[in-house]
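View the model first, then read on.

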Amino acid sequence: MPNCHHQPFLLCLWVGIATLWPSASLQAEDAPVAKVKIQVDTKTVVSRISPNFIGFGYETSAVAQSNYFSPKNAALIRLYRNLSPHGLIRIGGNISDHTQYVPEGIPAVHTEKEVTIFNQTNLADLAGFAHATGWKVMWGLNLGTGSKEAAGQEAVAVSAALGDRLQSFEIGNEVDIHGGYDGKYRDYAGYYSNYLAYKAVIRSALPQAVFSGPDVAWNLAWLTNFANAEAGDIKLLTHHYYRTGAMKPEATIKNLLMSDDAWAGKLQKLQQVCRDQNTSFRINEVNSFYGGGKAGVSDTFASALWSLDYMFQLATYGCNGINLETDINQLGWISHYSPIVHDAAGHCLARAEYYGMLAFALAGKGDLLKLNLDKDDINLSAYATKDEQGFLWIMAVNKDLSRDAELDAAVPDGYATAEAFRLTAPSVASKDQVTFAGTAVSADGQWSPSPPEQVMPTNSTARLRVPHVSAVLLRLRP
């Protein structure tokens, strides 16, 4: 039974039943059912999933908080390590273009309309946190309102503090739409000239400094030009993604769970740019809706299904990884879409979206395999991986708002047993009572899966129900 203290008895009983029968809260006898067939081509590898695929993205103001990034923040450290022993933290966002490093200054957390201050102690705390989690840091420097000299001083301090936890520097944020807040540049040529000037100053002090970029919001032409010029001297090409704006009428659960065909087309182009230049790309700022997300959508179970599906979609196109934006935004409040939130005392809790990341963490490893999917018109995605232990994973994400899936997964030769882990909630709009593998994340950040649901293959086929707005991870063992 899950931890139900402080809950009424009937609620506790209901949660216990849902844990023992994961689809109980979603499946109705009269729910329409779609037949879905999956066959994995175990000999064809689509891509290799990066070991540091999972990541979080923060505004630089998050670093100026005294009780967040710290080796003493045990709950946050657990939440990170649940996901990966070596992920990537991206520090940047709009605030990075309105930030100053003052070594002995008083930290100040502000919106993008003022100047955020962080100091040497803040950097030491971030370094301690990074070492405690095993994660690395991508650090964004102030191109918008700063100077190349100040960026050089900041880069030296960041490098000294983080050491081997520093993954790369970025120069500027969403450079294709902000254009330098003090009129530094108005086009790509102007931006690139500034980039080279900043890089030269930083390299004069840190000859081995590593860079990623260009950190565009949407302009693929800028990214392509940058790749043509800098592919031999960058760690990663970086691009952002949000489905739409939080204030727009299309910011709904239904639209969030639908495929974004235009974005899929752009991913194909990003993949080709990387192939042409022998490099890789990362979506290093991403979440549901820009502007901090939309309450009642971005903070619901829909976000868990979206994040799980989205991460696998990116892996399909050879993406290096994802940094899901979280915590304090450029407007000064904790975004609705944050996978992790914290209160004034620094207590951290996992929200619904975190559970999608948790599901990916279990199965999103090793080789992503080719998969044949026969699903009619149900809104369902499916993926397959083979991990380092030789286990075959089949993931089915049923984003359909009304139809269950009757899933038939062909069991390849050499695999004998099947077991399932489910991602569920009472409804697509649920903000709590979310579980993965029968378990919720505890208040202190701990999580471990319950024993999996046993699936008995018949005639080399594993058959199971995937209720609407839920996901299942099927593990096949030799």
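Which residues are linked with Arg 90 in a network of salt bridges? Glu 170, Asp 215 and Glu 285 are linked with Arg 90 in this network. A salt bridge here is a side-chain nitrogen of Lys or Arg within 4 Å of a carboxyl oxygen of Asp or Glu.

This is a predicted model: local features need pLDDT of at least 70, side-chain atom pairs count only at pLDDT 80 or more, and totals for chains, interfaces and linings use all residues. Residues are numbered from 1 along each chain as its sequence is written, and side-chain values use heavy atoms, with hydrogens and water left out.

**Salt bridges**

The structure holds 21 salt bridges.

| Pair | Closest N and O atoms |
|---|---|
| Asp 367 and Arg 48 | 3.1 Å |
| Arg 90 and Asp 215 | 3.2 Å |
| Arg 90 and Glu 285 | 2.7 Å |

Arg 90 sits in strand S3 and Glu 285 in strand S10 (residues 281–290), 195 residues apart. Strands (E, at least two residues) and helices (H or I, at least four) are DSSP runs, numbered from the N terminus. Arg 90 is buried, at 1% relative accessible area. Glu 285 is buried too, at 5%. Buried means under 20% relative accessible area, exposed over 50%, and partly exposed in between (1.4 Å probe, protein chains only). Asp 367 is partly exposed at 21%, and Arg 48 is exposed at 53%.

**Nonpolar cores**

A nonpolar core is a set of buried Ala, Val, Leu, Ile, Met, Phe, Trp, Tyr and Cys residues joined through side-chain atoms within 4.5 Å. The largest has 118 residues, and those with the most contacts inside it include Trp 139, Phe 169 and Phe 436. Helix H10 (residues 301–316) gives the largest share of this core, 11 residues. A second, separate core of 27 residues includes Val 40, Ile 378, Tyr 415 and Leu 476.

Beyond its neighbours within four places in sequence, Phe 436 has contacts (heavy atoms within 4.5 Å) that include Tyr 355, Phe 421, Trp 447 and Leu 473.

**Helix H4**

H4 (residues 148–162) has 15 residues and spans 21 Å from first to last C-alpha, close to the 21 Å expected. The expected span is 1.5 Å times one less than the number of residues. Its buried residues include Glu 154, Val 158 and Leu 162. The buried residues of H4 pack against several elements, among them helix H3 (120–133), strand S6 (136–141) and helix H6 (188–205). Gly 163 follows H4, with a positive phi near 60°.
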